[in-house]
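Morning, everyone. I have one structure to walk through today. Please take a look at the screen.

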Amino acid sequence: MRTLIDFIPWILALPPALWELANVRRRYGWILAICAGSIVFGCIFLWVMALQRIADVVQYSAFGVVQALLVLVMPPAATVFVAKKTGLAAGVFTGIAVGFCVFVMTAVIGIGLYGE
């Protein structure tokens, strides 16, 4: 049985994806709108899932809190920076790429510090 927490990534990812679908459809057509909406939905879904997983393993250590804050803040910051110049789909994709790089960087540092 699923709980409401299992649906949080879907609930948070759906409105931006629908907005991008409607916005791109007016300008470029259905095919590009479906691609852009899929990118936005998938990236936001992955970002929220990663935040949920990090929150489960933070264990209230200072490094875990820093990692969670970086993964929470960096992708939206990169998204806003890029989306102003291009579009939401490109911004969200860039945000997820930045978030993945931050996650890997902090994971490698954590492995180096704690050996786990």
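I'll go from the overall fold to one helix pair, and then to the cores.

Keep in mind that this is a predicted model. The secondary structure comes to four helices and zero strands. Along the sequence, that reads α-α-α-α. The C-alpha atoms fill a box of roughly 50 × 40 × 15 Å along the principal axes. The chain has 116 residues, and 31% of them are buried. Now the contacts between residues at least 6 apart in sequence. Of those, 62% join residues at least 24 apart.

Next, the helix pair. Two packed helices are described by the angle between their axes and the distance between the axes. Take α3, residues 62-83, and α4, residues 88-114. Their axes come within 7 Å and cross at roughly 160°. Over 145 degrees counts as roughly antiparallel, so α3 and α4 are roughly antiparallel to each other. The crossing of α3 past α4 is right-handed. What kinds of residues make up the contact of α3 with α4? We have 18 nonpolar, eight polar and no charged.

Now the cores. The largest nonpolar core holds 14 residues. Which of them touch the most other members? A13, V40, I44 and V92 do. Helices α1 (8-28), α2 (30-57) and α4 each supply at least two residues of this core. The most come from α2, which gives eight.

Look at V40 up close. Leaving out residues up to four places away in sequence, V40 touches P16, A17, E20, L88, A89 and V92.

Conventions
Residues are numbered from 1 along each chain as its sequence is written. This is a predicted model: local features need pLDDT of at least 70, side-chain atom pairs count only at pLDDT 80 or more; totals for chains, interfaces and linings use all residues. Side-chain values use heavy atoms; hydrogens and water are left out. Axes are lines fitted to C-alpha atoms, for helices over the stretch in contact, and angles run from 0 to 180 degrees between N-to-C directions. Angles under 35 degrees count as roughly parallel, over 145 as roughly antiparallel, 65 to 115 as roughly perpendicular and the rest as oblique. A crossing is left-handed if the near helix is turned anticlockwise from the far one by less than a right angle, and right-handed if clockwise. Ala, Val, Leu, Ile, Met, Phe, Trp, Tyr, Cys and Pro count as nonpolar, Asp, Glu, Lys and Arg as charged, and the others, Gly among them, as polar. A nonpolar core is a set of buried Ala, Val, Leu, Ile, Met, Phe, Trp, Tyr and Cys residues joined through side-chain atoms within 4.5 Å. Buried means under 20% relative accessible area, exposed over 50%, partly exposed in between (1.4 Å probe, protein chains only). Contact means heavy atoms within 4.5 Å.
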